[in-house]
Amino acid sequence: FDSHCHLTDERLSAELDAVLERARAQQVTRLVTVASDAEDSARVCELAASRPGVWATAGIHPHLADRADDEALERVAALALRSEVVALGETGLDYHYEHASRSTQRRAFVRQLELAGQLALPAVVHSRAADADTAALVREARGVVGVLHCFAGSLLLLEAGLESGWYISFSGLVSFANYQGADLVRAVPADRLLIETDSPYLAPVPRRGRRNEPAFLRFVAEAVAALRGESLEQVAATTARNACTLYKLHE
């Protein structure tokens, strides 16, 4: 179960059928394709509605938080009612690039967390160089469960997520030779662990440097299994079960 990918990105959408066929050939049969803004939310909904085993999110990425006005959030809220939508997001904070001001990001994040609570949907959260603020807002979002996707944060953020009942998802970063978070991968309880490709970004070793795609999820699972001292089969089964639980899907 690839819990987070971006199938509407033109690097994947241009050959979507082939991308999904290669994924299935590697036993990646379920995917959540994640939205970046209100317009993309509509696109991912249409894509998910037309492909078995694919679900969607609706939300506005922190890079695009300037677009999170009332009208855009109303569109997101309406799309989130569709049956193929299983989460709000991705939302969150990115203080590394700061494509939108920090205050704008925080406002958009809080509003989407509130919307997730109102709609009883999980939140898909991006956090980069913003651990303290993300941790504080996750703790304040009582009644909301979510996932810290592509986790590369600190123990402070990990603990905030786990103590709030959230899930932690690891990407191809865990396969890189310079990866420093092995202890945190091992610290995640089995019932809170997810894996993802975040494709077309962050291709794992041995595909690093190439465009990423869901078929490469196996390499992420292998890296997580090695770090945790578990089998590939165990990690694949556990993370698939957890994704179904988070996104309220039947296994």
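These legends walk you through close-up views of a predicted model. Residues are numbered from 1 along each chain as its sequence is written, and side-chain values use heavy atoms, with hydrogens and water left out. Because the model is predicted, local features need pLDDT of at least 70 and side-chain atom pairs count only at pLDDT 80 or more, while totals for chains, interfaces and linings use all residues.

**View A. The buried side of helix H2 (residues 16–25).** Helices here are DSSP runs of H or I with at least four residues, strands are runs of E with at least two, and both are numbered from the N terminus. Look for Leu-16, Val-19, Leu-20 and Ala-23, the buried residues of H2 (buried means under 20% relative accessible area with a 1.4 Å probe, protein chains only; exposed means over 50%). They span an arc of only 95° around the axis, so they sit on the same side of H2 (the arc is taken from the directions from the helix axis to the C-beta atoms). They pack against helix H1 (10–13), strand S2 (31–33), helix H3 (38–50) and strand S3 (54–58), where contact means heavy atoms within 4.5 Å.

**View B. The other face of H2, and what follows the helix.** Turned away from the buried side are the exposed residues Asp-17, Glu-21 and Ala-25. Just after H2, Gln-27 has a positive phi of about 70°.

**View C. Where H4 meets H5.** Asp-70, Leu-73, Val-76 and Ala-77 in H4 touch Arg-111, Gln-112, Leu-115 and Leu-119 in H5. These contact residues divide into five nonpolar, one polar and two charged (Ala, Val, Leu, Ile, Met, Phe, Trp, Tyr, Cys and Pro count as nonpolar, Asp, Glu, Lys and Arg as charged, and the others, Gly among them, as polar).
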